Amino acid sequence: MEFEKVLIVEGKSDRIRVSRILAEPIEIICTHGTISPYHLEELLASYEQHEMYVFMDADEDGEKTRALFKREYPLAIHLYTEKVYKEVETTPYNVLAAVLQAAHFEVRAEFL
């Protein structure tokens with residue numbers, strides 16, 4: 001199956017939480033925290049023709065990774081959780097669903 005969109009998150013818990021909400025097939029890739037430019041390029045080389053969405057935590061490590069994405073992949077679309085929740089994995093499902101829906105992802109109705 002070929003995906004048009006790729007969603008990049010920090011960790012496995014983020015991937016699991018977001019995948020429960022999505023109602024469309026999408027590739028979700030984990031950076032596993034802070035990542036170097038070399039490893040980022042290696043990780044995403046086969047996805048460069050896809051629409052890239054970056055959904056990092058609202059903390060220092062998340063902001064470092066987000067800054068790297070902005071330099072290396074300036075066309076990537078950045079999604080943000082509210083700072084009060086700090087992490088994607090601790091953000092309530094309805095808030096995540098609203099963020100994803102606003103970015104034109106199909107989400108499961110029970111999370112809205």
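Biologist: Among contacts in the protein chain between residues at least 6 apart in sequence, what share joins residues at least 24 apart?

Modeller: Happy to start there. This is a predicted model, where local features need pLDDT of at least 70, side-chain atom pairs count only at pLDDT 80 or more, and totals for chains, interfaces and linings use all residues. Residues are numbered from 1 along each chain as its sequence is written, and side-chain values use heavy atoms, with hydrogens and water left out. With contact meaning heavy atoms within 4.5 Å, the share is 60%.

Biologist: In what order do the four strands stand in the open sheet?

Modeller: Strands here are DSSP runs of E, at least two residues long, and helices are runs of H or I of at least four, both numbered from the N terminus. Two strands pair if DSSP finds at least two bridges between them. β2 (27-30) and β4 (77-80) each have a single partner strand, so they stand at the edges. The pairing is parallel, and the order is β2-β1-β3-β4.

Biologist: Which residue of β3 is the bridge partner of Leu7?

Modeller: β1 (residues 5-9) pairs with β3 (residues 51-56) in the parallel sense, over four bridges. In β3, the partner of Leu7 is Tyr53.

Biologist: Which side chain of opposite charge is nearest to Asp14?

Modeller: Asp14 sits in helix α1 (residues 12-21) and is buried, that is, under 20% relative accessible area with a 1.4 Å probe, protein chains only. Lys and Arg count as positive, Asp and Glu as negative, while His and the chain ends are not counted. A salt bridge needs a side-chain nitrogen of Lys or Arg within 4 Å of a carboxyl oxygen of Asp or Glu. Asp14 has none, and the nearest opposite charge, 7.3 Å away, is Arg17.

Methods: Buried means under 20% relative accessible area, exposed over 50%, partly exposed in between (1.4 Å probe, protein chains only).
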